[in-house]
Amino acid sequence: MYRASAIAAFGLLTSQIAASPLLTPVPPSSLLFPRAPSCPAPVPSCQKNTNLQGSCCYEAPGGLLALTQFWDLDTTGSPPTSWTIHGLWPDQSSVSHFLQMMLTHSTGQLSSSGQVTFPQDCDESRNYPSAKEVLKANNKSELITFMDKYWLSNKNDNEGLWEHEWNKHGTCMSTLEPGCLPPSSKKGADAALYFQRAVDLFKASDTYSFLAEAGIRPDSRKQFSLEQITQAIKAKHGATPALDCRNGRLSQIYYYFHLQGSAIDGTFLPVEPLKPGSCPKTNISYPPKNGAVTPTSTVTSARPSQTTPTSDVSRATIAVRTSDGTTTGCLLSTGRWSTQTCAKMNIIAVDNGFTLTSSRGDCAIVSGEFTCGNSANPPSVFTATALNGENLLAFDGSTAFTANSIPRGSTQVTLSTGSDGVNDLTLVINGV
């Protein structure tokens, strides 16, 4: 049983959220359908309120919601003057974490002690086979057009990303459970509403405009401090976001909310994050997309461009860099990642790029995995992306690679394209 002082602190936190001029509520969107049961005066989520636990009027246990957005340099068709949607995630937090957040709200400082857990894949029976068909069936065809522009997959499978976000996160929102919808609702109405609310929050959380109005625009020559970026966003949004960086550049933002009432027609209240993201305090880059200032250079000669223009490179090693900027090992002749002796790859020009060949044979992406040898038939065509004076290996227009572990000693790790693994990676071409 919680102590009276803890419960009182929750009441103080709630009053601070309601009264603070910095925390501007995001109003409900136009409804797809009315809420099934009637709700009393709505109460913000993340309070110890046993009367509303399990009802359709109070989001629990995932009452801390995170709207996540990407600044993705490599996704085909990504708009150059807008961030894009990743998803809307319900998170769980304990009493002690919210007491910590109350203190950080009072002092204006971020805490690094908060822990957030994500409920995931909560109801497989509601994993609908087609997000687009769900939206069409619920008279939301126009939403598909918007999502195809601003909710993008780096694997050229937008609908697959939408379905993944709904299956993994949307099914865990308690106030979107089927019993909270009118009996006459069409199949998939819960998912259609999830997509609508995510889009509404995204429109109200325009990261690109928030930063641009403070003079922070994508520029390959400038760097910014974390305080500059977060304060610019807080001035418009009403609460501090959490920011993730990849190799020192902005890559993802998290806006946190409490939900007052139901996800169907409730109000999202911006709140401070429980912990910061991975960005450093200084020297954060915010490069433009699609080579607007830092161009994406496709290799059409026999070798990628080098940091020393006079270098003539036809052989290279491929170093592996983790998301924190640490270079750890390189590719072996098999195409696997290791800390052993680096393979020297031959670079051979072809139409629209180049191929790589090791002592084992040609290299290719086979079933999403990097490999060199007999199975690499035909060889894949790669390109190079120039970024901060280095050349990053790219496949199908993306420099994103991933792995489920980091090699140690003699171990060898398979690399995959994309960013679905445990460790996000980039591959750096070093001429030899």
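## H86 in strand β2

H86 is found in strand β2, where strands (E, at least two residues) and helices (H or I, at least four) are DSSP runs numbered from the N terminus. In this predicted model, local features need pLDDT of at least 70 and side-chain atom pairs count only at pLDDT 80 or more, whereas totals for chains, interfaces and linings use all residues. Residues are numbered from 1 along each chain as its sequence is written, and side-chain values use heavy atoms, with hydrogens and water left out.

H86 is buried, with a relative accessible area of 14%; buried here means under 20% relative accessible area, exposed over 50%, and partly exposed in between, for a 1.4 Å probe and protein chains only. Leaving aside residues up to four places away in sequence, H86 touches T68, Q69, F70, W151, E165 and Q252, contact being defined as heavy atoms within 4.5 Å. With Q252 the contact is also polar, side chain to side chain, at 2.5 Å; a polar contact is a pair of N or O atoms within 3.5 Å, and within protein one must be able to donate a hydrogen and the other to accept it, while residues adjacent in sequence count only if both atoms are side-chain atoms.

## Helix α5 and its surroundings

Helix α5 covers residues 158-168, and because eight of its 11 residues are buried, the helix is largely enclosed by the rest of the structure. The buried set consists of N158, E159, L161, W162, E163, E165, W166 and N167, and these residues pack against β2 (84-91), α3, α4 (141-150) and α6 (189-204). E165 of this set is also among the residues that H86 touches.

## The loop between α2 and α3

C122 lies in the loop between α2 and α3 and is partly exposed, with a relative accessible area of 42%. Not counting residues up to four places away in sequence, C122 touches N167, T171 and C172. C122 and T171 are 49 residues apart in sequence, yet their C-alpha atoms are 5.5 Å apart in space.

D121 is found in the loop between α2 (95-107) and α3 (131-137) as well. Phi of D121 is near 50 degrees, a positive value in a residue other than glycine, and D121 is partly exposed, with a relative accessible area of 45%.

## Helix α8

Helix α8 spans residues 226-237, and its 12 residues reach 16 Å from the first C-alpha to the last, close to the expected 16 Å at 1.5 Å a residue; the expected span is 1.5 Å times one less than the number of residues. Its buried residues are L226, I229, T230, A232, I233, K234 and H237. What covers them includes α7 (207-212) and the strands β3 (219-224), β4 (242-246), β5 (249-260), β6 (267-271) and β7 (284-286). Just after the helix, G238 takes a positive phi of about 105 degrees.

## Other backbone features in loops

The peptide bond from A60 to P61 is cis, with omega near 5 degrees, and P61 lies in the loop between α1 (4-19) and β1 (64-70). A cis peptide bond also joins N377 and P378, with omega about 5 degrees; P378 is found in the loop between β14 (369-372) and β15 (382-387).

S367 is found in the loop between β13 (361-366) and β14. Phi of S367 is near 55 degrees, a positive value in a residue other than glycine, and S367 is exposed, with a relative accessible area of 75%.
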